[in-house]
Amino acid sequence: MRLVDQDTVSALIRSIVPLLGVSCRRCPHRALLSTAQLEAHENDRRQLSRLPLLCRCGSKDVLRVLLDTPDEPQVFLAGHDPAAARGQRSGF
Ligand SMILES: [Zn+2]
């Protein structure tokens, strides 16, 4: 699990878990967006970090998270994200 960097929409389509985790910074809402919801296609060069996403609370300030393994969507929805994971490891 990691935050979106320079990744494109087509890279998401080809990944093991083709879902974009979205976590709002203003309210506790988080969701998984499928590539169909993103209207993605194979040659899509749009950067995931630039997609216009709007939380149901009206905020556009959302974290975008890439999921690496099939169990991570559930972990993400349970409230974990890369920013939180860094905090947990701060005493390591
Ligand atoms: Zn929100």
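Helices (H or I, at least four residues) and strands (E, at least two) are DSSP runs, numbered from the N terminus.

**Figure 1. Overall fold of the protein chain.** This is a predicted model: local features need pLDDT of at least 70, side-chain atom pairs count only at pLDDT 80 or more, and totals for chains, interfaces and linings use all residues. Residues are numbered from 1 along each chain as its sequence is written. The protein chain holds three helices and four strands. Along the sequence they follow the pattern β-α-β-β-β-α-α. The C-alpha atoms fill a box of roughly 40 × 30 × 20 Å, taken along the principal axes. The radius of gyration (taken over C-alpha atoms) is set against a globule rule of 2.2 Å times the number of residues to the power 0.38. A compact globule of 92 residues would have a value near 12 Å, and the 13 Å of the protein chain agrees.

**Figure 2. The four-stranded sheet.** Strands of a sheet pair through backbone hydrogen bonds, either parallel or antiparallel. Two strands count as paired if DSSP finds at least two bridges between them. Here the sheet is open, with the order β1-β4-β2-β3 and antiparallel pairing. β1 (2–3) and β3 stand at the edges with a single partner strand each, so one side of each has no neighbour in the sheet. Two bridges join β1 to β4. Arg2 has Leu66 in β4 as its bridge partner.

**Figure 3. The largest nonpolar core.** A residue is buried if 20 or more other C-beta atoms lie within 10 Å of its own, exposed if 12 or fewer, and partly exposed in between; C-beta atoms are placed from the backbone. A nonpolar core is a set of buried Ala, Val, Leu, Ile, Met, Phe, Trp, Tyr and Cys residues joined through C-beta atoms within 7 Å. The largest one has 12 residues, including Val4, Leu48 and Phe76. α1 (9–14), β2 (19–24) and β4 (62–66) each give two or more residues to this core. β2 supplies the largest share, three residues. Two residues are in contact if their C-beta atoms lie within 7 Å. Beyond its neighbours within four places in sequence, Val4 contacts Leu48, Ser49, Arg64, Val65 and Leu66.

**Figure 4. Arg25 in its loop.** Arg25 sits in the loop between β2 and β3 (30–34). Arg25 is exposed, with 11 other C-beta atoms within 10 Å. Leaving out residues up to four places away in sequence, Arg25 touches Ser59, Asp61, Val62 and Leu63. The C-alpha atoms of Arg25 and Pro70 are separated by 24 Å.
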